[in-house]
Amino acid sequence: MCDLRRPAAGGMMDLAYVCEWEKWSKSSHCPSVPLACAWSCRNLIAFTMDLRSDDQDLTRMIHILDTEHPWDLHSIPSEHHEAITCLEWDQSGSRLLSADADGQIKCWSMADHLANSWESSVGSLVEGDPIVALSWLHNGVKLALHVEKSGASSFGEKFSRVKFSPSLTLFGGKPMEGWIAVTVSGLVTVSLLKPSGQVLTSTESLCRLRGRVALADIAFTGGGNIVVATADGSSTSPVQFYKVCVSVVSEKCRIDTEILPSLFMRCTTDLNRKDKFPAITHLKFLARDMSEQVLLCASSQTSSIVECWSLRKEGLPVNNIFQQISPVVGDKQPTILKWRILSATNDLDRVSAVALPKLPISLTNTDLKVASDTQFYPGLGLALAFHDGSVHIVHRLSLQTMAVFYSSAAPRPVDEPAVKRLRSAGPAVHFKAMQLSWTSLALVGIDSQGKVLSTRILAMKASLCKLSPCTVTRVCDYHTKLFLIAISSTLKSLLRPHFLNTPDKSPGDRLTEICAKITDVDIDKVMINLKTEEFVLDMNTLQALQQLLQWVGDFVLYLLASLPNQQGSLLRPGHSFLRDGTSLGMLRELMVVIRIWGLLKPSCLPVYTATSDTQDSMSLLFRLLTKLWICCRDEGPASEPDEALVDECCLLPSQLLIPSLDWLPASDGLVSRLQPKQPLRLQFGRAPTLPGSAATLQLDGLARAPGQPKIDHLRRLHLGACPTEECKACTRCGCVTMLKSPNRTTAVKQWEQRWIKNCLCGGLWWRVPLSYP
């Protein structure tokens, strides 16, 4: 982990890109007040921006973008009649809550699992009562970040599952879905989503004496309770806390509330500052899973102060008279909950927005002191945006500054090193809303003109910037390996035992065992050791699988033909497969399966263009593949391919036409294009022209020329240069596939169902136009 020093010593964040509206017009796009922003665990960002028509009517818009392609913006007319006050993603990142100043709450979900297609079918309403805080109910899943293990080699050691109870459970302990909201008038409303689709909604007062709630936040306890913090906006008034319990009684939602200890901000008890900060402008729990720590910000017209408080259980002193009557021993001593201040800042410039990390941290006292004094760890800092345009990353407990980002017009200390900044004129533009990513490695802010700025922590710059030639080929190999594993598991799942009372091993397991045991280079000798009746499939099914089988055959031919060329310094796609005994063994098994299915349906076999009509291409490729597999299989000692094998592979281009594999196009995302101190200027709705990496341009098949025929990467179907079918693309790897299935066979539908929600790399789907590049 890199050292991020104090701002005076040059501790900085890097601006990655700025994305703004193509044409700024006050008669079209105008900032919503207040401006809401939310970042999902799947790297989708939602923010609000109103659209004004010619007759001055406002349409409340929700905009959704992927951080890798921020220019590709999807806008949703929210149908909210008042300003949108809250946006909140669920824990899966596939549903979004929006709430407005009229008390309306809408639940948005992806249509057809597309990240740029959204619909709202359920919601709730507290008519005429603005929503000030909104949250999904907790599902009981909590991860803790262990800062003291940040240097561990295993990524799993840095996180641990923490025992945590859901807010509400169904029969069998399954978490019940729903949301909770707090209104301006001091009401708490809870909506529960039943598995049948019915919505149960209940509303209750936080306390008997209701008062105005200007600010509120929601957190959860490990016991399944909910804690709500409220403030009326005045720093002279107490910050109130309430425990909320949700239950279902007689098919109705029930809400029980209880008052918890309150607090007054420290700045109001200081005689010198009593009237200096009259308003509480920000109220946030340090994390949704940490109801015992809260961050408060009080402000004046020009300055602010930030305080961090912690709820602690303290022993209650007992009078000596009662001690003599009934002595208190050990754990029997009475205790009381009290809010204690952990830290406070000096006077700051006026704070405009606050962003807190989403993951709780596990930190010992010793580690806390070290981290606070010298080092920056992801998840340990929170972000404060100021009206002068600057953003400070401060320690979440000590509130000491750890890193600084200055916008184009923000003032800079004289002794700080100069860096390239965006030119601008006029007053400073500040963030009105900010969100940290779920790993706390990136920060997004929406400014007062509706522009999106994304910043990266300096400590992670090296892992986000350049891709070396080796990395480019590894990206291709990694995706191909995922595709190969998916094909192998799908094809093996189609095999059925001939008799129902056959042994405990499945046909797929026996295939793997026999192919690993028999090292014969003759494919027919391997095949006769299998029960071919277990491989019998319907003829239509075999024909529908031909495109996948063709890809397996083409990939085997490409690997073997590329063996002599992989010896140089320039690594090509497929290089890692040549020393991967597991993947080669998987390809060998698939070749055997394809051989058997070819006896049943010859038209399902891969098609090769051979120079000789008598050439048995499958036998030739299996023989060479087996020799290569023997060199690196797990059961035997690893060895280099002998010269005879390399010579035979050199002859392949004279025997068979080597296919040009359609590797996934190099991703047009921003991560590989970011350069130090050189932020990109982007526009919503206009894809930028970004230079490709030199490594990508040197490798065939990675750079796609305009007008080149396109392919469905999952179905392996050719779409032509100008596809007529609607398609969707992965926001992460660029994989393209048709939106609607052209197949009707059960086996192919089973294959397609694997990718209905996500791409095989885990990325989200995004609908693309027919004329996609």
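Glu251 is exposed, with a relative accessible area of 52% (exposed means over 50%, buried under 20% and partly exposed in between, using a 1.4 Å probe and protein chains only). Glu251 sits in the loop between strand 19 and strand 20. Keep in mind that this is a predicted model, where local features need pLDDT of at least 70, side-chain atom pairs count only at pLDDT 80 or more, and totals for chains, interfaces and linings use all residues. Residues are numbered from 1 along each chain as its sequence is written, and side-chain values use heavy atoms, leaving out hydrogens and water.

**The loop**
- Glu251 isn't a glycine, yet its phi is positive, about 60 degrees.
- Ser250 is found in the loop between strand 19 (239-249) and strand 20 (252-263), and its phi is also a positive value, near 55 degrees.
- Ser250 is exposed, with a relative accessible area of 67%.

**The helix pair**
- Helix 9 (residues 546-562) packs with helix 10 at an angle of about 130 degrees, their axes 10 Å apart.
- That makes the two helices, helix 9 and helix 10, oblique to each other (under 35 degrees counts as roughly parallel, over 145 as roughly antiparallel, 65 to 115 as roughly perpendicular, and the rest as oblique).

- Leu600 belongs to helix 10 (residues 581-600) (helices are DSSP runs of H or I with at least four residues, strands are E runs of at least two, and both are numbered from the N terminus).
- Leu600 is partly exposed, at 33% relative accessible area.

How values were computed:
Axes are lines fitted to C-alpha atoms, for helices over the stretch in contact, and angles run from 0 to 180 degrees between N-to-C directions.
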